[in-house]
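Q: Could we go through this structure together, starting with the overall layout and then moving to single residues?

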Amino acid sequence: MKILHIVPTFYPSSHFGGVPKSVMALCRQQAQDGHTVQVATTDALDAHFKNGHSRKEIQKFGLNIYYHSNAINRLASSGLITPFFAQKMLRRQIEGSDICL
């Protein structure tokens, strides 16, 4: 099954609490179970920094992770994530998936 997770923050971000860690654990388990797993997220690392993967797709832990640019990083500390999702890329990811979470 092709699974797409759309989340505001993801690995390596740990500043935003348990959500990035929980989603990472779920994604890794799904990949180990033989599913094709993609993640669409932002490049927000914490309130001041981006993770350096802006607008890049990387493969790590058996996952395909696409980091969309976060528009205003300083708002991220208050929980306001402002992604610039590349519509074409996100649409392609959604259309190519069996399930989106």
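The conversation below covers the fold, the core, the surface and a few residues.

Q: What kind of model is this, and how are the residues numbered?
A: This is a predicted model, in which local features need pLDDT of at least 70, side-chain atom pairs count only at pLDDT 80 or more, and totals for chains, interfaces and linings use all residues. Residues are numbered from 1 along each chain as its sequence is written, and side-chain values use heavy atoms, with hydrogens and water left out.

Q: How many helices and strands does the protein chain have?
A: The protein chain has two helices and six strands. Helices (H or I, at least four residues) and strands (E, at least two) are DSSP runs, numbered from the N terminus. Along the sequence, the pattern is β-α-β-β-β-β-α-β.

Q: What share of the residues is buried?
A: Of the 101 residues of the protein chain, 40% count as buried. Buried means under 20% relative accessible area, exposed means over 50%, and partly exposed lies in between (1.4 Å probe, protein chains only).

Q: Which residues make up the largest nonpolar core?
A: That core consists of eleven residues: V7, F10, V23, M24, C27, V37, V39, I58, L63, I65 and Y67. The elements giving two or more residues to this core are α1 (18-32), β2 (36-42) and β4 (63-70). A nonpolar core is a set of buried Ala, Val, Leu, Ile, Met, Phe, Trp, Tyr and Cys residues joined through side-chain atoms within 4.5 Å.

Q: Let us take C27 from that list. Where is it, and what is it in contact with?
A: C27 is found in helix α1, and C27 is buried, with a relative accessible area of 0%. Leaving aside neighbours within four places in sequence, C27 is in contact with H5, F10, V37, V39 and L63. Contact means heavy atoms within 4.5 Å. The C-alpha atoms of C27 and H5 are 8.1 Å apart in space, although the two residues are 22 residues apart in sequence.

Q: How many disulfides are there?
A: The count comes to zero disulfides, a disulfide being a pair of cysteine sulfur atoms within 2.5 Å.

Q: Is C100 buried or partly exposed?
A: C100 is partly exposed, with a relative accessible area of 36%.

Q: Turning to the surface, which residues form a nonpolar patch?
A: M1, L26, I99 and L101 form one, with about 360 Å² of accessible area together. Like charges are joined within 9 Å, and nonpolar side chains (Val, Leu, Ile, Met, Phe, Trp, Tyr) within 5 Å. Accessible areas come from the Shrake-Rupley method with a 1.4 Å probe; for residues, only the protein chains shown count as cover.

Q: And where is I99?
A: I99 is in strand β6 (residues 99-100), and I99 counts as partly exposed because its relative accessibility is 34%.

Q: What about M89?
A: M89 is in helix α2 (residues 87-95) and is buried, with a relative accessible area of 19%. Not counting residues up to four places away in sequence, M89 touches Y66 and H68.

Q: Finally, what is the phi of F61?
A: F61 has a positive phi of about 60 degrees although it is not a glycine. F61 lies in the loop between β3 (56-60) and β4.

Definitions and conventions. Patches are made of residues with over 30% relative accessible area and no salt bridge: like charges are joined within 9 Å, nonpolar side chains (Val, Leu, Ile, Met, Phe, Trp, Tyr) within 5 Å. A salt bridge is a side-chain nitrogen of Lys or Arg within 4 Å of a carboxyl oxygen of Asp or Glu.
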